[in-house]
Amino acid sequence: MGPHHPSTHGVFRMDVKLDGETVVDLKPVFGYLHRNHEKLAEDMSYLASMPFTDRLDYFNSMTNNWAYALAAEQLVEIEVPERAEYLRVIMAELTRLVNHVSLVGFFVNDLGALGTPLLYAFREREKILDLFEQASGARMMCNYFRFGGLRCDVPEGWLDRAREVTDRFPKFLDEYEQLLCENEIILSRTQGIGKLSRELAISAGITGPMLRASGVAYDLRKVDKYGIYDRFKFRVPYGEEGDCYDRFMVRMLEMRESIQILKQALADIPEGDIMGKAPRVFKPKPAEVYGRIEGPKGELGFYLIADGTPKPYRYRVRPPSLINLTVLRDMCLGQKIADAVVILGSIDIVLGEVDR
Amino acid sequence: MVTLRNFVGSYFDSNRLTTNDYSWKPKDQLPQSAGEYPKEEGEQLSDTTTVTNYSRNFPMLLHDGGDDPMDTIRCVACQICERECPPQCIYIEKAYDENGKYIKSPAKFDIDVSVCMSCQICVEVCPFDAIVMNSQFELSTPDRFGGLLLRRDDLLKSNDYYHQIHPEEAAARDQKMADEKAAKEAKKKAAAEAAKKKAEEKAKAEAEAKALEEAGEKGKEEDSGKEEAS
């Protein structure tokens with residue numbers, strides 16, 4: 001299958017061996033979108049890699065920025081001001097909403113519900129992207145985070161608009177759940193399909209909603225408490241079966257929790273600076289750091305080795321999409337060929353991040 | 001049921017529409033609908049309208065007005081943006097006068113907008129506030145190589161134009177520049193005063209030293225006189 005867009009996630013090819021309609025063997029083939037991101041970053045200053053991180057997972061540029069900023073901030077130990085921390089959380093949770101809502105849309109698109117649910121999802125996504133554009137100047141390639149804070153403060157009235165969007169979102173979710181969660185076709189196409197066992201998920205290094213759907217309540221926002229996540233009250237939803245339906249529902253429930261975090265953050269956000277005392281020339285001492293966050297797709301990490309020059313000696317991304325994709329074969333074996341597309345959709349990959 | 005509600009609702013509730021929600025925008029900033037555009041031949045939507053105050057497309061070079069924009073161009077061809085540009089789409093050549101002296105302006109300033117990724121790093125690193133983001137988006141051309149390579153004169157835009165497209169940002173930038181200038185002048189003044197003071201002190205010290213020397217000479221003379229006497 002492929003190489004084209006088998007399910008609106010990017011250019012991806014599956015080598016599938018079939019017995020009738022049953023999948024006997026499967027090999028994912030990727031690399032069509034390779035852009036040499038890591039090697040390029042070794043030849044430019046630390047700041048200049050920031051816009052390239054937007055293009056890793058092009059749905060979630062804000063969280064990509066955050067992971068990279070978090071890693072680089074460890075190199076020079078910059079204190080991030082309070083307001084910037086709050087704005088970072090707000091942006092990250094809005095990004096999670098954008099990612100999950102479009103994932104659910106794509107997922108039901110893979111199931112054959114062409115158009116309608118996806119367009120409802122995109123309508124809500126567009127409202128959040130409008131917020132991003134007002135704050136950073138771009139809808140998707142935001143390039144908004146900086147080492148030690150954010151590039152600029154949000155414009156006047158932005159927080160009110162964000163509150164408005166946040167308040168309106170649960171209403172949409174209610175409607176969306178009514179439309180999808182108990183739909184008979186979705187239930188029969190997803191329940192019991194593409195099971196991922198708890199043991200395999202842990203040993204394969206799966207993270208994010210996929211791991212939680214397999215029954216492991218592991219969320220870096222709770223484990224690492226990076227940023228100021230320890231101040232917010234939220235729950236970590238997790239599944240039992242580890243099938244496609246659980247993966248779909250975990251994301252639906254996570255959106256509710258994101259809204260909880262957003263409400264708390266938007267209520268408490270203080271006034272103040274948005275940029276910490278960053279050195280004028282970013283030239284860290286030799287060190288090795290690893291910064292990771294709970295991205296909407298899983299653990300997104302940046303591993304940097306500094307050698308005392310303004311350029312990183314080694315720059316490595318731990319992409320959740322790629323690592324979550326490694327269990328595709330195990331999940332697809334014995335399933336029907338039509339289900340392989342659904343399983344691929346439920347992993348939530350973006351090929352920009354898989355291939356880098 | 002939900003689909004029906006969305007369909008019917010889309011006639012009454014703007015939140016049910018897939019299009020952008022412009023309700024928070026002032027009326028005069030609303031984009032014109034596609035049917036009415038272009039009203040006249042050659043009209044550019046992006047000349048008068050910005051999508052948002054912070055929208056960015058490709059960089060432009062600022063000058064402070066005047067008949068010849070090159071007289072007031074802010075860029076001094078320091079080449080910091082050329083070095084920092086992540087996709088390496090800027091090419092700068094310094095300008096020299098007939099004596100071969102560097103005259104602090106660019107002879108060439110090319111941006112290949114087919115490579116530019118609108119990241120705004122050049123704006124951030126520029127110490128002279130000379131390069132900012134334009135919001136003009138209608139740049140389509142049948143010539144994919146020459147037409148997408150913007151030359152210095154294509155990029156030159158006046159500060160007034162900048163105020164027109166990004167009023168808040170432009171005002172903040174002008175304020176910052178004014179502050180910096182004031183700070184610089186204050187520093188200069190302080191430095192001048194310090195120099196004056198130093199000069200005074202030096203003169204004083206010299207005078208004292210001279211006086212001391214004279215006294216010393218006198219003493220010597222006296223000594224020599226004594227010697228002679230003895």
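Visitor: Let's start with B:R74: buried or exposed?
Guide: This is a predicted model, and in it B:R74 has a relative accessible area of 9%. The cut-off for buried is under 20%. With 9%, B:R74 therefore counts as buried.

Visitor: Which residue does B:R74 meet in a salt bridge?
Guide: Side chains of opposite charge can pair when their charged atoms come close. Here the N to O distance is 2.9 Å, and the cut-off is within 4 Å. The partner in that salt bridge is B:D64.

Visitor: And how far apart in sequence are the parts that this pair, B:D64 and B:R74, ties together?
Guide: Both B:D64 and B:R74 lie in the loop between β1 (59-63) and α3 (80-84) of chain B. B:D64 is partly exposed at 46% relative accessible area, whereas B:R74 is buried. The pair ties together parts of the chain whose separation in sequence is ten residues.

Visitor: Stepping back, in what order do the elements of chain B run?
Guide: Chain B has seven helices and six strands. Of its 230 residues, 32% count as buried, and residues 24 or more positions apart account for 66% of the contacts with a separation of 6 or more. From the N terminus on, the order is α-α-β-α-β-β-α-β-β-α-β-α-α.

Visitor: How much area do chain B and chain A bury between them?
Guide: The size of an interface is often given as the accessible area lost when the parts come together. In this pairing, 24 residues of chain B are in contact with 34 residues of chain A. Of the area the two chains bury, 51% is on carbon and sulfur atoms. The total comes to about 2600 Å².

Visitor: Which element gives the most to the side of chain B that touches chain A?
Guide: The interface has two salt bridges, one of them between B:E124 and A:R146 with the closest N and O atoms 2.7 Å apart. There are also five residue pairs in polar contact, both residues at pLDDT 80 or more. On the chain B side, the elements that give two or more residues are α1 (2-9) and α4 (121-125). The one that gives the most, with four residues, is α1(B).

Visitor: How do the residues of that side of chain B divide into nonpolar, polar and charged?
Guide: We're still on the side that touches chain A, where 24 residues of chain B make contact. They divide into ten nonpolar, eight polar and six charged.

Visitor: Over in chain A, what parts does the pair of A:D174 and A:R256 tie together?
Guide: Their side chains meet in a salt bridge at 2.7 Å, N to O. The two residues lie in helices of chain A, so the pair ties together parts that are 82 residues apart in sequence. Both ends are partly exposed, A:D174 at 41% and A:R256 at 23%. The parts are helix α6 (residues 158-180) and helix α11 (residues 244-268).

Visitor: One more from chain A: with which side chain does the side chain of A:S346 make a polar contact?
Guide: A:S346 is found in helix α14 (residues 337-347) and is buried, with a relative accessible area of 2%. Leaving aside neighbours within four places in sequence, A:S346 is in contact with residues including A:F107, A:M210 and A:C244. The polar contact, at 3.0 Å, is with the side chain of A:R247.

Definitions and conventions
Residues are numbered from 1 along each chain as its sequence is written. Chains are lettered from A and ligands numbered from 1 in the order in which they are written. This is a predicted model: local features need pLDDT of at least 70, side-chain atom pairs count only at pLDDT 80 or more; totals for chains, interfaces and linings use all residues. Side-chain values use heavy atoms; hydrogens and water are left out. Buried means under 20% relative accessible area, exposed over 50%, partly exposed in between (1.4 Å probe, protein chains only). Contact means heavy atoms within 4.5 Å. A polar contact is a pair of N or O atoms within 3.5 Å; within protein, one must be able to donate a hydrogen and the other to accept it, and residues adjacent in sequence count only if both atoms are side-chain atoms. Buried area is the accessible area (1.4 Å probe) that two parts lose on being put together, summed over both. Ala, Val, Leu, Ile, Met, Phe, Trp, Tyr, Cys and Pro count as nonpolar, Asp, Glu, Lys and Arg as charged, and the others, Gly among them, as polar.
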